[in-house]
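Here are my notes on the model you passed along.

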Amino acid sequence: MMIKPGISELSKCVDSRYTLVTMAAKRARMIGEENADNDERDSNSKPVSVAADEIISGKVGYVRSEAIERAKIWADEKAAAILSMSANEEAVDTEEAE
């Protein structure tokens with residue numbers, strides 16, 4: 001039995017198949033745990049199928065921790081550069097005023 005949507009459609013939602021498999025497995029595990037906690041036994045909606053549907057619809061996404069770290073570093077460097085530019089402009093303004 002094939003899962004719908006197919007791998008080609010799901011691959012468009014992520015940057016690699018590894019990411020897709022990891023994301024689908026984590027979400028399916030979460031769905032399985034939720035179903036076990038609620039004592040739901042619906043055989044028509046298997047956790048992997050539900051996870052695939054959520055991925056394709058955009059309800060489930062991912063964020064790379066490396067990207068977050070790089071974004072923080074970039075923001076810090078940007079702030080430092082702005083402060084440096086402001087300090088340089090103030091120094092030029094005071095020199096021109098003298």
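How do the residues of the lining of the largest pocket divide into nonpolar, polar and charged?

1. The lining splits into four nonpolar, four polar and three charged residues. The classes are simple: Ala, Val, Leu, Ile, Met, Phe, Trp, Tyr, Cys and Pro are nonpolar, Asp, Glu, Lys and Arg are charged, and the others, Gly among them, are polar.

2. Before going on, a caveat: this is a predicted model, so to speak of local features pLDDT must be at least 70, and side-chain atom pairs count only at pLDDT 80 or more, while totals for chains, interfaces and linings use all residues. Numbering starts from 1 along each chain as its sequence is written, and side-chain values use heavy atoms, with hydrogens and water left out.

3. For the overall picture, the protein chain has four helices and zero strands, running α-α-α-α from the N terminus. Helices here are DSSP runs (H or I, at least four residues; strands would be E, at least two), numbered from the N terminus. Of the 98 residues, 17% count as buried, where buried means under 20% relative accessible area, exposed over 50% and partly exposed in between (1.4 Å probe, protein chains only). Among contacts (heavy atoms within 4.5 Å) with a separation of 6 or more, 64% come from residues 24 or more positions apart.

4. Back to the largest pocket, which holds about 240 Å³ of space. Its lining is Y18, T19, T22, M23, K26, G61, Y62, V63, R64, S65 and E66. Two elements, α2 (17-37) and α4 (65-97), each give two or more residues to it, and α2 gives the most, with five. A pocket, on a 1 Å grid over the protein atoms alone, is an open set of points where a 1.4 Å probe fits, with protein on both sides within 12 Å along at least five of seven lines; lining residues have an atom within 4 Å of a point. Points are joined across faces, edges and corners, and the volume is the space filled by probe spheres set on them.

5. T19 counts as buried because its relative accessibility is 6%. Its side chain makes a 3.0 Å polar contact with the side chain of S16; that term covers N or O atoms within 3.5 Å, one able to donate a hydrogen and the other to accept it, with residues adjacent in sequence counting only if both atoms are side-chain atoms. Setting aside residues up to four places away, T19 touches V14, Y62 and R64.

6. The largest nonpolar core has eight residues: L10, V14, L20, M23, A24, A52, I55 and V60. Such a core is a set of buried Ala, Val, Leu, Ile, Met, Phe, Trp, Tyr and Cys residues joined through side-chain atoms within 4.5 Å. Both α2 and α3 give two or more residues to this core, and α2 gives the most, with three. V60 touches M23, R27, E54 and I55, again not counting residues up to four places away.

7. The side chains of E54 and R27 are joined by a polar contact of 2.5 Å.

8. P47 is also placed in helix α3. At 28% relative accessibility P47 is partly exposed, and beyond its neighbours within four places it is in contact with A28, I31 and G32.
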